[in-house]
Amino acid sequence: MKLKIDNLVKKYDGKIILNAMSMDIEDVQVLALIGASGSGKSTLLRLIAGLETFESGDIAINDDWMSREDIRDYRKKVGFVFQDHNLFSHLSIFENISLILEKVHGQKREVFTSEILSLLTYFGLDEHKDKLPHQISGGQSQRASIARALSIKPEIILLDEPTSSLDPVLTCEVLYAIKKLVDEKKDVILVTHEIGFVKHVADYVIFMDEGRVIEQGRDILSNPKTEALQAFLGKVLSFA
Amino acid sequence: MKNMRKTFGFVAALVIYCVFFYYVMTKDIGRAWNFEPFGAYSFFIFRGWLTTIYISFIALLLALFIGLILYLMEQTNFSILHYLAVIHKNIIFGTPLLVIAIVAYYYIGNAFEIRSKILVGTITLGLYIGAYVSDIYKGAIESIHINQWQTAKMFGFTRFKTYRYIVFPQVIISILPPLAGQFALTIKGSALLSFMGTSEYYNRVNNVIANTYLNREGFLIMTLGYLLITIPLIKLVRYLEVRLNYKN
């Protein structure tokens, strides 16, 4: 993937959340955004997805610059996995995917049915396809959410703290599902607090604090240079 | 055992009500009950009863549509439409239906030369109930979690498709209970259209009472006639509510 961000500024109620952020990343498959809560990493991910507006700056994925005019087309290239799975609560797991393919992407039912079924089987959800989101576990819901993001065949998949509301067993389930994406050579941007997992899968890591990139690189977790990152890792890995 | 106790409780409560009303009516009437003259008017009354169902049903359908339009108007950034809806709702919320029915028929209806009492009555009732229904929509739509909207936006749903496929299917479930109450109010409210001279149930039974001087019998028939519509309706909505809740 290629990700270019140029002087990005985001404010909420006048408060600066992202402060003139710039980055130029190439030849990365798994990019991880780490940092303490409130550091701006989820906001950055949502801006990259085109989910929120920003004050100034530019964002491009694979050299395609985001513009307000074709934002809907831009979003179609991005698969997004939310913190709380965000499955449509009135639809079955199968319908959660089929509705998007049919009504947004204009695909024919006879084409996508087998694709969805194989996707659900891939993520171990085939026997739950007709269940509603509240009838399955949090881990299964999050896997369904990953399957849904993958179903639109996006250029890039963004995951926003997909395990933050799960217990350790379910977290492990979801991390395995994400690992599958990585093994399939999908381009991924991941916001997470699972530093051990980041070490394992990410080939580029960005550490953020107070809306700024403090440190970035391919080996910053094994060789942190800034005091802020050293302190952060010291805290999150203190009982690892 | 639990069911038997519930049935007994229900029957006992019903008997208490019946005894109470029987006592009140018999004490007041000072003569034997006489339903016989109503036999001759049964078809006349039945047609009024059907008219009440017809007016209420059409008015509720109209109210569902008007309520949605009012809700959308209120939400729009186009300020004229927004305030048209706000003013409409304020007038409706602050004025008795009786006053609105009279103004609608004698002034608005006359001004636009609409002579059909049923048409004016149905539209009036639809506009009146529609204001309340718009608030039901508002409550239900605002109760849809922001996550659902965001996900729809993220996956490329247009605003229309978000409402059509994500929001409304969820809204329908939550508007059913308040809508049942609203439909019952519509049926009861239709009695006020008798002031326009609409040939609905209340008006027809009243006409028969005027001819026979059998007030108590007439009001008993009137009450039972309304209950015959509202109770099955409320039961039906409760059933649908349980079914849909189960499904979701």
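Student: Which residue of E7(A) stands opposite A:Val81?

Tutor: A:Val81 stands opposite A:Leu159. This is a predicted model, in which local features need pLDDT of at least 70 and side-chain atom pairs count only at pLDDT 80 or more, while totals for chains, interfaces and linings use all residues. Residues are numbered from 1 along each chain as its sequence is written, and chains are lettered from A and ligands numbered from 1 in the order in which they are written.

Student: What makes E6(A) and E7(A) a pair?

Tutor: Two strands pair if DSSP finds at least two bridges between them, and E6(A) and strand E7 (residues 156-160) of chain A have 4 bridges, in the parallel sense. One of the residues involved is A:Val78, whose bridge partner in E7(A) is A:Ile156. The names themselves come from DSSP runs, numbered from the N terminus, with helices (H or I) of at least four residues and strands (E) of at least two.

Student: Why are strand E6 (78-81) and strand E10 (212-217) of chain A said to stand at the edges?

Tutor: The open sheet of chain A has 6 strands in the order E6-E7-E8-E3-E9-E10, with mixed pairing. E6 and E10 of chain A each have a single partner strand, so one side of each is left without a neighbour in the sheet. Neighbouring strands of this sheet are turned by 15 degrees against each other on average, direction ignored, where the axes are lines fitted to C-alpha atoms (for helices over the stretch in contact) and angles run from 0 to 180 degrees between N-to-C directions.

Student: Are the residues of E6(A) buried or exposed?

Tutor: A:Val78 and A:Phe80 point one way from E6(A), A:Gly79 and A:Val81 point the other way, and all of them are buried.

Student: Why is chain A called as compact as a globular protein of its length?

Tutor: The globule rule is 2.2 Å times the number of residues to the power 0.38, and the radius of gyration is taken over C-alpha atoms. For the 240 residues of chain A the rule gives 18 Å, and the radius of gyration is 18 Å, so the description holds. Chain A has 8 helices and 10 strands, and buried residues make up 44% of its 240 residues.

Student: What makes up the secondary structure of chain B, and where are its domains?

Tutor: Chain B comes to 10 helices and 0 strands, and buried residues make up 31% of its 248 residues. An automatic or database domain assignment sets the domain bounds, giving domain 1 (1-30) and domain 2 (40-247) in chain B, with C-alpha centres 32 Å apart.

Student: How many residues does each chain bring to the contact?

Tutor: Residues are in contact if their C-beta atoms, placed from the backbone, lie within 7 Å, and 17 residues come from chain A and 15 residues from chain B. Helix H2 (71-76) and helix H3 (93-103) of chain A each supply at least two residues of the side of chain A that touches chain B. That side has 9 nonpolar, 3 polar and 5 charged residues, where Ala, Val, Leu, Ile, Met, Phe, Trp, Tyr, Cys and Pro count as nonpolar, Asp, Glu, Lys and Arg as charged, and the others, Gly among them, as polar.

Conventions: Two residues are in contact if their C-beta atoms, placed from the backbone, lie within 7 Å. A residue is buried if 20 or more other C-beta atoms lie within 10 Å of its own, exposed if 12 or fewer, and partly exposed in between; C-beta atoms are placed from the backbone.
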